[in-house]
Amino acid sequence: MKPSSDAAQSRDGTIPFFDYLATGFASWLIPGVGHFMLGYRVRGAILAVSLLGLFWYGERVLSNDLAVSRQVSPIFFCLQLGNGASALVAQNRWGSPRVRMNPDEPDRKLPAGYHLGVLFTTISGLLNLLAVIHVMDPRTWAAAKSSDGTSDESHSGKETSSTKDSSEQAASAS
């Protein structure tokens with residue numbers, strides 16, 4: 001459901017409301033999809049691999065499926081929800097609360113990497129929220145429309161050689 005260059009913005013420069021919300025929601029639900037929908041294919045793939053890899057490495061490898069639990073750590077869970085579907089799947093699949101007999105004793109059954117797992121999943125959620133904010137920025141939509149969303153290089157903020165040549169010609173003409 002990639003918005004075409006015509007659908008990215010209407011004729012008066014506004015963004016169609018449904019496309020705007022659908023792209024933002026998709027970007028939250030699966031990291032990188034919003035950028036992919038806007039035409040930033042390489043950026044979307046890099047975001048998907050890095051954010052999902054960071055999240056699932058923290059959940060499955062470091063913490064043995066204990067990092068994401070709304071009942072055990074509700075504040076961290078709110079931040080982990082930035083990963084969208086991954087956090088919801090992890091909560092529903094493995095997020096059962098741990099019960100200790102004596103709450104004053106430390107829980108020695110926690111895996112050694114539990115705290116790192118919570119940290120990795122939380123950072124991944126926060127980074128994905130930044131990616132969602134970038135997708136929801138109207139300037140991102142305008143840049144995608146101006147380049148037809150075909151090249152990540154055109155959005156990197158660096159001048160291309162043709163831009164430099166035209167600016168040098170304009171400077172020499174004056």
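Helices (H or I, at least four residues) and strands (E, at least two) are taken as DSSP runs, numbered from the N terminus. By that rule I placed Leu-79 in helix H5.

**Entry 1. Ground rules**

I am working on a predicted model, in which local features need pLDDT of at least 70, side-chain atom pairs count only at pLDDT 80 or more, and totals for chains, interfaces and linings use all residues. Residues are numbered from 1 along each chain as its sequence is written, and side-chain values use heavy atoms, with hydrogens and water left out.

**Entry 2. The whole chain**

I counted nine helices and zero strands in the chain. Along the sequence I read the pattern α-α-α-α-α-α-α-α-α. I took buried as under 20% relative accessible area, exposed as over 50%, and partly exposed as in between (1.4 Å probe, protein chains only). Of the 174 residues in the chain, 36% are buried. For the accessible surface I noted about 10,400 Å², with 63% of it belonging to carbon and sulfur atoms. Such areas come from the Shrake-Rupley method with a 1.4 Å probe, and for residues only the protein chains shown count as cover. I then looked at contacts, meaning heavy atoms within 4.5 Å. Among contacts between residues at least 6 apart in sequence, 68% join residues at least 24 apart.

**Entry 3. Helix H7**

The 23 residues of H7 should span 33 Å, and the end C-alpha atoms are 33 Å apart, which agrees. In H7 I listed the buried residues, among them Tyr-114, Gly-117, Val-118, Thr-121 and Thr-122. Further along H7, the buried residues include Gly-125, Asn-128, Ala-131 and Val-135. Their cover includes helix H2 (17–29), helix H3 (33–37), H4, H5 and helix H8 (138–146).

I also looked up Ile-123, which sits in helix H7 (residues 114–136). Ile-123 is partly exposed, at a relative accessible area of 34%. Together with Leu-116, Leu-119, Leu-127, Leu-130 and Ile-133, Ile-123 makes a nonpolar surface patch of about 530 Å². Patches are made of residues with over 30% relative accessible area and no salt bridge; like charges are joined within 9 Å, and nonpolar side chains (Val, Leu, Ile, Met, Phe, Trp, Tyr) within 5 Å.

Which residues does Leu-79 contact, leaving aside its neighbours within four places in sequence? I found Thr-122, Gly-125 and Leu-126. Leu-79 and Thr-122 are 43 residues apart along the chain, yet their C-alpha atoms are separated by 5.6 Å. Leu-79 is partly exposed, with a relative accessible area of 30%.

Leu-62, in helix H4, counts as buried at 17% relative accessibility. With neighbours within four places in sequence left aside, Leu-62 has contacts that include Pro-111, Tyr-114, Leu-116, Gly-117 and Phe-120. From Leu-62 to Val-118 I noted 56 residues in sequence and 8.8 Å in space, C-alpha to C-alpha.

**Entry 4. Helix H6**

I found Ser-86, Ala-87, Ala-90 and Gln-91 buried in helix H6 (residues 85–94). They cover an arc of only 130 degrees around the axis, which puts them on the same side of H6. The arc is that of the directions from the helix axis to the C-beta atoms. As background, an α-helix has 3.6 residues a turn, so residues three or four places apart point the same way. Asn-92 and Arg-93 are exposed on the other side of H6. The cover over the buried residues of H6 includes helix H4 (41–62) and helix H5 (74–80).

I followed up Ser-86, which counts as buried at 8% relative accessibility. Beyond its neighbours within four places in sequence, Ser-86 is in contact with Leu-52, Phe-55 and Trp-56. The C-alpha atoms of Ser-86 and Phe-55 are separated by 7.9 Å, at 31 residues apart along the chain.

In H8 I listed Thr-140, Trp-141 and Ala-144 as the buried residues. Down the axis of H8 they fall within an arc of 100 degrees, so they line one face of the helix. Arg-139 and Ser-146 are exposed on the other side of H8.

How many salt bridges does the structure hold? I found one, a salt bridge being a side-chain nitrogen of Lys or Arg within 4 Å of a carboxyl oxygen of Asp or Glu. It joins Arg-139 with Asp-137, and the closest N and O atoms are 3.0 Å apart. Arg-139 counts as exposed at 65% relative accessibility, whereas Asp-137 counts as buried at 19%.

Conventions: The expected span of a helix is 1.5 Å times one less than its number of residues.
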